[in-house]
Amino acid sequence: MQIVIIGSGNVAYHMAKAFSLKNTPLMQIFGRNAVELEKISEELKVPYSTEHLEEADLYIICVSDNSVENVSKMITKKDCLVAHTSGSLPKEVLSGPYRKSSFYPLQTFSKSKELEYKKIPFFIETENEKDQQLLFDLASQISDNVMESSHEKRKYIHLTAVFACNFVNHLFARAKEVSDSQEIPFDYFLPLIDETVKKIHEIEPKEAQTGPAVRNDVRVLELHEQLLKDESLKIYKTMNHSIQKMYEL
C-alpha cells in the first residue's frame, strides 16, 4: 500500500516516525514548510515535496483543524482512502471524490519528545468495513490500543483530552510563573507533579484530590488569594470554586 503523509508539524512528524520504526514504507511527506519537511526527510529517509503530491492508496492528513478541508481538496484521485487525524472533525469534512475516514491518535505531540507509540490509543472511523479493517491493521502495526469510534464519541474523547492535557499543562505554565516570580526553581515541583499523575493510575481522580479547597481551609485560601493578582487570581478562585462544588463544600 502506497502511503502519503500530508503535513510538516508535530503530528505529521510522529506519524511518519512511528511508521518508519515499524518499516512501514512511506511514499512521500507533502506540505508547505520546506525547512521542516527537509528535517523530517533527512531523519526518516522519506522523500518530500512542497509542490507535487504523489498518487497513493492512502493519504493521512496531519494539519490543523482549520486547514483540513482545504488541504483535502488537493487530493483528486478517486480510488484512494483519505484520513484526517483530528479529534474534533467529522470524516465528512474531507472534500473530494475519494473514500473518507478519520485516524485519530490520542496523544500530545512535540517533535523534541520521544514517545512510546505502542501505548497511544488510535480511534478509527471509515465509510465501510473493508477500510475499517485496513486502517485497523495499519494502526495495529504501531499501537497496541486501536479502537473504532464514531464522530459523536470522538468529540467527547477530544474534549476530555483538552481538560486532561491542555488545561493541565496551562496550569503548569501558570504555576511556573508564580515560582519564577519568587526565583524558586520549578524543578522543585517536578516530583510533586510526577506523583500527582502516577496516583490517578491507581486512584480515581476525584478520590485523589488534596489541597486547601477540598479541606475547606478558608485561612489558606484567603492567604493565597492575597499573594495573587490578575489572571492567576481569577484561575485560583475558579479552580477552588469548582473543587468545592464537586465535593459539595
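Figure 1. Asp131, Gln132, Leu135, Leu138, Ala139 and Ile142 are the buried residues of α4. These residues are on the same side of α4 because they cover an arc of only 135° around the axis, the arc being that of the directions from the helix axis to the C-beta atoms. Glu129 and Lys130, on the other side of α4, are exposed. Buried denotes under 20% relative accessible area, exposed over 50%, and partly exposed in between (1.4 Å probe, protein chains only). Residues are numbered from 1 along each chain as its sequence is written, and side-chain values use heavy atoms, with hydrogens and water left out. As the model is predicted, local features need pLDDT of at least 70 and side-chain atom pairs count only at pLDDT 80 or more, whereas totals for chains, interfaces and linings use all residues.

**Figure 2. Helix α2 and the elements that it packs against.** The buried residues in α2 are Leu37, Ile40, Ser41 and Leu44. They line one face of the helix, because they fall within an arc of 100° when seen down the axis of α2. Val35 and Glu42 are exposed on the other side of α2. The buried residues of this helix pack against α1 (10-21), β2 and β3 (48-49); contact means heavy atoms within 4.5 Å. Ser41 belongs to this helix, which covers residues 34-44, and has a relative accessible area of 14%, so Ser41 is buried. Leaving aside residues up to four places away in sequence, Ser41 touches Val46, Pro47 and Tyr48.

Figure 3. Gln28 counts as buried at 3% relative accessibility, and Phe30 counts as buried at 4%. Which residue lies 19 residues from Gln28 in sequence and 5.0 Å from it in space, C-alpha to C-alpha? That residue is Pro47. The residues that Gln28 touches, not counting those up to four places away in sequence, include Ile3, Val4, Ile5, Tyr48 and Glu54. Phe30 and Thr50 are 20 residues apart in sequence, and their C-alpha atoms are 5.8 Å apart in space. With residues up to four places away in sequence again not counted, the contacts of Phe30 include Ile6, Gly7, Leu37, Thr50 and Met74.

Figure 4. His84 is found in strand β5, which covers residues 81-84. Is His84 buried or exposed? With a relative accessible area of 0%, His84 is buried. Not counting residues up to four places away in sequence, His84 touches Ile61, Val68, Leu89, Pro90, Lys91, Val93, Leu94, Ser101, Ser102, Phe103 and Arg154. His84 and Lys119 are 35 residues apart in sequence, and 20 Å separates their C-alpha atoms in space.

Figure 5. Asn216 is in the loop between α7 (205-208) and α8 (218-227). Its phi is near 55°, a positive value in a residue other than glycine. Asn216 is partly exposed, with a relative accessible area of 40%. Asp230 lies in helix α9 (residues 230-246), and the phi of Asp230 is near 55°, again a positive value in a residue other than glycine. At 58% relative accessibility, Asp230 counts as exposed.

**Figure 6. The whole protein as the setting of the close-up views.** The protein has 9 helices and 8 strands, and its C-alpha atoms fill a box of roughly 65 × 35 × 30 Å along the principal axes. Of the 249 residues, 39% are buried. Among contacts between residues at least 6 apart in sequence, 52% join residues at least 24 apart.

Terms used. Helix = DSSP H or I, 4+ residues; strand = E, 2+ residues; numbered from the N terminus.
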